[in-house]
Structures are given as structure tokens and as C-alpha cells.
Amino acid sequence: MLFGIDTRAAKTVLYFARIQLQRRYTGSWLGLAWSLLGPLTQIAAFSFVFNVVLRVPLDRYVLHMTAGFLPWLFMSTAIQTASTAYVMRRDQIIHSSIPFSLFVIGTVLAEFFTLLVAFGILLPLAAYWNGSIWWIYAIPIALLPCLVFAVAIGLVVARLTVFFRDIPHLLNVAFGLLFWFTPIVYHWSFLPEEAELVGKYNPMALLVSINQVVWHGMQMPSLNLALGCAVVVGVSLLLERWSRPLEKRLIFWL
Amino acid sequence: MTPSVHLKNVDIQYPLSKHGSLKQALVGGRTWDAQPQRWKPALRDISLKIDAPQKIGIIGRNASGKTTLLQVIAGILPPQSGNRHVIGKIAAIIAAGVGFDTALSVRENVRFAMAMSGRLHECTEDYIRKILDFIELQGDGWQPLQTLSLGFQSRLAFAVGLFQTPEIFLLDEAFSAGDALFVRKARAAMKERMASSPISIFVSHVESELIETCERGVWLEDGRIVADGPIDQVLKDYGKMNS
């Protein structure tokens, strides 16, 4: 049992993820390529501003920024989309006899799939810059915590949104702010001493950093970083567990 | 195991004021799990024991709790108090529609509806073909559902529930649309399904249909069970009360 659902439901979750992507891109000319174009444009814009104009002193800046930006984009988009998964799917949920959490997990997996597609582009880029590919084995270690975190927090916010419709708006504001407190367009080492705490106690920063260490630093994450990520994931799972009783009541509030 | 439905002291009530805002929670003193001030009871202290084989007809006036009762049995609504214990695979045709996604194709909606009832693995090409044939849809079902008339969408909702092979079959006044010819065909198929399912629970206002298909009747009034017994006796009492 994971997230309160039977592992046999995996097929249904994958189906919901596929449907989510199909619904999003059906009829569009570029289809799934849109999921690449958006991030690529942002990466290009950030690279121009911080690398070319401001000349941030960081070797292989584009790789560092992309390695942080893509997981960030996945987690923030997945959590925000998940937050409305129940209220937007009211008509389906009130006719459904499966655990509602499958809708949210499917939503997050759809976002994860687009992240993997984007990483497919990043991979040869990183291999070229880094000159070796041994660190590829460390990628699942870096991505798995992001996925579990996004599912757990996605479930929490989806449940809370049924009761408080402000949550998605609040998340939008919070992620907008949190982006700049997370070392994505800059490096940890640039943070002044008085601002270090902001980075240290930012859960997203740890999950983003583990990816940057693997992709950009070509290293296995340090024990401290791995432990930090484990704590973040653990707390998110506890929050999910805490919010699970709401699942039984939310259908009356939809 | 023999299919069965056991409900014990089940209560269901709906909040009259729905979702709140964070402002209410933070400033207005309402916490996220606070009970709303007003609730509307839909089912009150319902106890029901159904063991296979049995065909049950549920009667009652509008808003008496019939659909809510089926939703509880189907596992859609969890009891707020009391217990629900069900053994057996369920197929339910409750109200119009099954939460279709109109942007998806007709075929995809069949799969989607099966996924929502936890039976995606049963959704084979044969199953989809049978449904498309039954609803008499022209083409191969790749057209978006939104291009179909409401009548065809209702046909599809009915057929998706009908072609499952359940041990417990729930049916809620399903014939909301369709021409006379289709309604006749759907009624015949429904009777066949009711006969082949170990447990069938049928909500209807049509006395002749209830007498023809059911042996036991349950009369609901204001969320409570008023009578439970042989269908003809329950219908007689219900008729007297409403005459």
C-alpha cells in the first residue's frame, strides 16, 4: 500500500496520466512538444539574463540552471495542478467508486512524464558538457524524492482545496516567491551568510539541489544532502497521512 | 462467497453551506474540520440486509434518499456513521451520465467510465464494440463525445453500466432519454441483466415494472425506511399513503 491505495490500482493511475496528457495536447499542432517549448524558452531567457548579461561566475551555468529548473518546474506545476484535481473533476468523482487519490496521482504522473521528456533533451547536453555519463545512474536517486514529494503534497493540497478554495491561488503566489529563494538561477555559494537559512529551510531547495549535484556536479549527493531530502520527503509523507481522513469526507463538500 | 449487501445504522447528511475560505477559517474562527452550521440529512439510521439471490425495488417520493442509498451501496458515498459491508462486484447505473469527459472520444469515455469503477482490465475491444453496437452509434466511436446528442450520451451511460457482469446490479430510473424503440430495447436488456445478477436493486416509480422484476420492496421516506417486505405489499401501502 502506498498513499493509501492498492498497488493493483497502478494500471488505473497510468491510464489517468495518459488521459491527462491526451486531453491537454489533443488537437494541438505541436502536441507533446509544447511541454518542451515552454521550459526551453524560460531556460533560454534565464540563461541570457544571468549568464550573458549579468555574467554569473559559474562554470557550465546553463547546465546548472536547467538541472534545477526542470525538477522545480515539475514539482511546482504538479502540485498546483493537483490542487484543483478534485474540484475540477467533481462530475467524475461523484460517479466514481475508486479511491479518489488515483486522480491526483495520475495528474502528478502526467507532469512527471513531461519532465522525463525534457530530461531526455538535457541528457545528451549534460553528457557533452560533462564528458562522461557514469552519473546517469544517480539520476533516479535525484528524481525519486521529487516525485514522492510532489505526489504527497499534491494529495494534501487537493484535499484541502475542497474545503478552502483559496489554496490554488495561495500556491501560485507561494511558488512565485519560492522560486527566487531556491538556488536555481544562482548557486548556493552565492547566498550571503544571513540568507543561508532561507535556502536551508526551503524544502524545494534541497530537492532541486540533489538534481544539480548529480547533473552539474557529476557527483553522488553528500550524506547531509541525502539526509535533508529524506527528511523533506518523510515530512511530506506524514502530512499526506495526516490529511488522509479528509478523503472520506470530501465528496460531501464537492 | 455469496454476494451480499449489509448496511447497519447508516447516516448520510450533506452540508448546506459548502466550501469556505481561508479568511473564514483564520478570521471567522472556523477551522478546516469544523462542522458547518447546517446539514441536510439524506439517510437516517438505515439498516438493510440483502443476501443473494434477491431482486429489490426501492420506492419513495423525490428527495426521499433513494439515489443516495444506491450511492452508499455502490461505495461512492462513505457512511458518515454506521457500517457498510458489501461482498461482490458492483455495476451501477445511477442518475444520468457517469461523469463522462466530453472532450475525449466515445471509445475513450467507455474506458474512462470503466476506470472510474475500477474495472479497466475488463474493458476489452469486444466490450467496447458491444456497447457501440447496442447504442446504435454510426462509425467506430473515435468521434469526440461532445459531438453526440444528449440522447446518445444517455444511451452510452446506460450501456456502460449494463454490459458489465456484476454480482450486484444497481439501477436508478435510467431511461432519461432515447426514442421509444431504444427504450423498449433497453428495458429488455435491463430485465435480462437483473435476472442474471445475483442481487439487483432497482429504483423506479413504475409499479408494473417493480412488480415484474422484484420480489422485495423497500419504501424510503425522508431518508428513513418506512416499510420493507414483499413488493406488492409495500407498493400497496405506498399507494394508500399517496392516494
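Predicted model: local features only at pLDDT ≥ 70, side-chain atom pairs only at ≥ 80, totals over all residues.
Over how many bridges do E1(B) and E4(B) pair, and in which sense, parallel or antiparallel?

**Stop 1**

Select E1(B) and E4(B): they pair over six bridges, in the antiparallel sense. To pick out one of the pairings, click Leu7(B), whose bridge partner in E4(B) is Arg84(B). You have an open sheet of three strands, ordered E2-E1-E4, with antiparallel pairing. Strand E2 (39-51) and strand E4 (81-87) of chain B each have a single partner strand, so they stand at the edges and one side of each has no neighbour in the sheet. Ignoring direction, neighbouring strands here are turned by 25 degrees against each other on average.

**Stop 2: Ser4(B)**

Stay in strand E1 of chain B and centre on Ser4(B). Is Ser4(B) buried, exposed or partly exposed? Ser4(B) has 18 other C-beta atoms within 10 Å, so Ser4(B) counts as partly exposed. Leaving out residues up to four places away in sequence, Ser4(B) touches Ile50(B), Asp51(B), Ala52(B) and Ile87(B). Try the distance tool on Lys49(B) as well: its C-alpha is 7.7 Å from that of Ser4(B), although 45 residues separate the two in sequence.

**Stop 3: where the chains meet**

Show both chains and look at the contact between them. On the chain B side there are 25 residues, in contact with 23 residues of chain A. Colour strand E1 (4-15), helix H1 (22-26) and helix H3 (106-116) of chain B, the elements that give two or more residues to this side. H3(B) supplies the largest share, three residues. Colour by residue class next and the chain B side splits into 16 nonpolar, eight polar and one charged.

**Stop 4: a helix pair in chain A**

Finish by selecting helix H3 (residues 61-83) and helix H10 (residues 203-215) of chain A, whose axes come within 8 Å and cross at roughly 140 degrees. H3(A) and H10(A) are therefore oblique to each other, and their crossing is right-handed.

- From H3(A): Leu63(A), His64(A), Ala67(A), Gly68(A), Pro71(A), Trp72(A) and Met75(A).
- From H10(A): Met204(A), Leu207(A), Val208(A), Asn211(A), Gln212(A) and Trp215(A).

What classes do these residues fall into? Nine are nonpolar, four are polar and none is charged.

Definitions and conventions:
Residues numbered from 1 in each chain as written. Chains lettered and ligands numbered in written order. Axes fitted to C-alpha atoms, helices over the stretch in contact; angles between N-to-C directions. Helix = DSSP H or I, 4+ residues; strand = E, 2+ residues; numbered from the N terminus. Parallel < 35°, antiparallel > 145°, perpendicular 65-115°, else oblique. Left-handed = near helix turned anticlockwise from the far one by under 90°. Contact = placed C-beta atoms within 7 Å. Nonpolar A, V, L, I, M, F, W, Y, C, P; charged D, E, K, R; others polar. Pairing = 2+ DSSP bridges. Buried ≥ 20, exposed ≤ 12 C-beta atoms within 10 Å, placed from the backbone.
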